[in-house]
Amino acid sequence: MRSTAEAFGLRGARFALPADRRVVDEVERGLAELETLLEQHLRVTDPVADAVARYLLEAGGKRARPLLLLLTAHLGSGVDERVLQAAGVVELTHIASLYHDDVMDEADTRRGVPSAHTVWGNNVAILAGDLLFARAGQLTAPLGAEVAELQSRTFERLCLGQLHETLGPGDGDVVDHYLQVLADKTGSLIAAAAELGVVVSGADATYREAVREFGERIGVAFQLVDDVIDLSSDPETGKDAGTDVRAGVVTLPTLLLARRTDEASVALRARLQSPADDADLDAAIAELSAHPVVAETVAEAERWQREALAALAPLPAGTVRRGLEAFAEHVVARTR
């Protein structure tokens, strides 16, 4: 099984120098220590609360956000106790948001297991998310006011993103609205992770904007790639192709399809909305996966990726910058 760093491209010839290997090894040790920290801070005396709070943690996850934080911390002091605490704040916040997202989206599964609200109900799932947000706040407090302010601003954007997604675009452009929702719901926390690595490690403050811009843009690209990946089945999790489409969740391919007026696209949109039967829906999703709107979505993800890479210009050449570049390349490469 590949390590997290390897999964995000931080191994191989590109990181073969001894100095590179030391940084990557330290990042991987930090990720291993993070698992212990998360386990400790999710323990609850009440057995039901304990089981629900640890449910998604034990289901696994990419740990992409802590990886970025531990990597950008090498612009400063490297991985130490404060950096690990900040990584815990980010991952607990992320996991907490998943509990809420699954309730809002009525998602049946998460990380290959039934979503928490399908097991315990909506109220318990929401309270579990709240509990994790509280634990993230406890980890934030010793890190100081600057970290607490950054975390609270990020939390606000997560909430606003969910609110705007729920309310819809109104009279605005639906694609612009969708991309802003992605920036708030996904990009903001990835940006905060990258920025926190700079802040907590005492790195040069001039790097903050660069890594924040990188994180926000690569976060949007990450979600756009997920929109494409959703149209394929996943044999590891048993996820059917078009899970979001089946659930009526908005994605960029479906938004782009709605803009098209050619006969084939109009007919496909009608079948996706009102299929004759399950077999017809399966066929329509397969047709959507081969439609030009998918290539357009990939192109949009690549645009955000290019902007993310351009944001790194102020960073010094070295392992951290190349690590961030490898991370960005991995994001879009998942569509190939």
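Student: At roughly what angle do the axes of helix 11 and helix 16 cross?

Tutor: Keep in mind that this is a predicted model. Helix 11 covers residues 207-229 and helix 16 covers residues 292-311. Their axes come within 8 Å, and the crossing angle is roughly 165°.

Student: Is helix 11 roughly parallel or antiparallel to helix 16?

Tutor: Angles over 145 degrees count as roughly antiparallel. Helix 11 passes helix 16 in a left-handed crossing. With axes that cross at roughly 165°, helix 11 is therefore, relative to helix 16, roughly antiparallel.

Student: How many nonpolar residues does the contact of helix 11 with helix 16 have?

Tutor: On the helix 11 side, the residues that meet helix 16 include Phe214, Ile218 and Leu224. On the helix 16 side, Val298, Ala301 and Trp304 are among them. By class, this contact has four charged residues, two polar ones and, for the nonpolar class, 15.

Student: What about helix 9 and helix 10: is their crossing left-handed or right-handed?

Tutor: The axes of helix 9 (residues 145-167) and helix 10 come within 8 Å and cross at roughly 165°, so the two helices are roughly antiparallel to each other. Their contact has 10 nonpolar, seven polar and six charged residues. As for the handedness of the crossing, it's left-handed.

Student: Is Thr93 buried or exposed?

Tutor: Thr93 sits in helix 6, which spans residues 81-105. Beyond its neighbours within four places in sequence, Thr93 is in contact with Phe133, Ala136, Gln151, Leu158 and Leu189. The cut-off for buried is under 20% relative accessible area, and because Thr93 has 1% relative accessibility, it counts as buried.

Student: Which residue has a positive phi although it is not a glycine?

Tutor: Most residues other than glycine have a negative phi. The exception here lies in the loop between helix 4 (55-58) and helix 5 (64-72), and its 7% relative accessibility makes it count as buried. With a phi of about 60°, the residue is Arg63.

Student: And helix 5 itself, how many of its residues are buried?

Tutor: The buried residues there include Ala64, Arg65 and Pro66, along with Leu67 and Thr72. Helix 5 is mostly covered, and the count of buried residues, out of nine, is nine.

Student: How many residues apart in sequence are Leu256 and Val175?

Tutor: Leu256 lies in helix 13 (residues 252-259), and at 12% relative accessibility it counts as buried. Leaving aside neighbours within four places in sequence, Leu256 is in contact with Val175, Val293, Glu296 and Thr297. From C-alpha to C-alpha, Leu256 and Val175 are 7.9 Å apart in space, while their separation in sequence is 81 residues.

Student: Last one: what percentage of the residues in the chain is buried?

Tutor: The chain has 17 helices and two strands. Among contacts with a separation of 6 or more, 71% join residues 24 or more positions apart. Of the 336 residues in the chain, the buried share is 49%.

Definitions and conventions. Residues numbered from 1 in each chain as written. Predicted model: local features only at pLDDT ≥ 70, side-chain atom pairs only at ≥ 80, totals over all residues. Heavy atoms only, no water. Axes fitted to C-alpha atoms, helices over the stretch in contact; angles between N-to-C directions. Helix = DSSP H or I, 4+ residues; strand = E, 2+ residues; numbered from the N terminus. Parallel < 35°, antiparallel > 145°, perpendicular 65-115°, else oblique. Left-handed = near helix turned anticlockwise from the far one by under 90°. Contact = heavy atoms within 4.5 Å. Nonpolar A, V, L, I, M, F, W, Y, C, P; charged D, E, K, R; others polar. Buried < 20%, exposed > 50% of the residue type's maximum accessible area, 1.4 Å probe, protein only.
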